Amino acid sequence: GLPRGRIRVVAARSAPCAGQLRVPGLEVVAGERRLETTHIESGVHLRLDLGTCFFNPRLQAERQRVCALVSPGERILVLYSGRCVACGAGGENFMQGGGRS
């Protein structure tokens, strides 16, 4: 089993990213049998199904850098984030459809 704490699922890459959406092949190797997760980044909660979308948490610094460049009244869509993540002036974060999270 997994040690007590926040980790509930461990998945290993079973195949490289493939297809138009660059979905990785993942296999659960320990814990709960699911690939859905919530990733928290800069105060934004991203609900992801890692079996159906491409997401790279290593791009967090780049997403934050782009948000810091936004001027008042602008909204920037962060492409290739794996989800519809955008930010407004002052680094405020918005999720799908413009709703604040």
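**Entry 1: R34 and its surroundings**

I began with the neighbours of R34. Leaving aside residues up to four places away in sequence, R34 touches R8, V9 and V28. The model I am reading is predicted.

Next I looked up where R34 sits. R34 lies in the loop between β2 (23–31) and β3 (36–41).

Is R34 buried, partly exposed or exposed? Its relative accessible area is 27%. Buried would need under 20% and exposed over 50%, so I log R34 as partly exposed.

I then checked the polar partners. The side chains of R34 and E32 are joined by a polar contact of 2.5 Å. The R34 side chain also reaches the backbone oxygen of E36, at 2.3 Å.

**Entry 2: the largest pocket**

I turned to the largest pocket. Its space comes to about 800 Å³. I found 24 residues lining it, and those closest to its centre are V9, L35, T37, H39 and L50. The elements that give two or more residues to this lining are β1 (9–18), β2 and β3. V9, listed here by the pocket centre, is also one of the residues R34 touches.

How does the lining divide by class? I noted 15 nonpolar, four polar and five charged residues.

**Entry 3: confidence**

Last, I looked up the pLDDT. The protein has a mean of 76, and 73% of its residues reach 70 or more. Over residues 94–101 the value is below 50. I still noted 21 contacts for that stretch in the model, beyond near neighbours in sequence.

How values were computed:
Residues numbered from 1 in each chain as written. Predicted model: local features only at pLDDT ≥ 70, side-chain atom pairs only at ≥ 80, totals over all residues. Heavy atoms only, no water. pLDDT = per-residue confidence, 0-100. Contact = heavy atoms within 4.5 Å. Helix = DSSP H or I, 4+ residues; strand = E, 2+ residues; numbered from the N terminus. Buried < 20%, exposed > 50% of the residue type's maximum accessible area, 1.4 Å probe, protein only. Polar contact = N/O pair within 3.5 Å; in protein donor to acceptor, adjacent residues only side chain to side chain. 1 Å grid on protein atoms, 1.4 Å probe; cavity = no way out; pocket = protein on both sides within 12 Å on 5 of 7 lines; lining within 4 Å. Points joined across faces, edges and corners; volume = space filled by probe spheres on them. Nonpolar A, V, L, I, M, F, W, Y, C, P; charged D, E, K, R; others polar.
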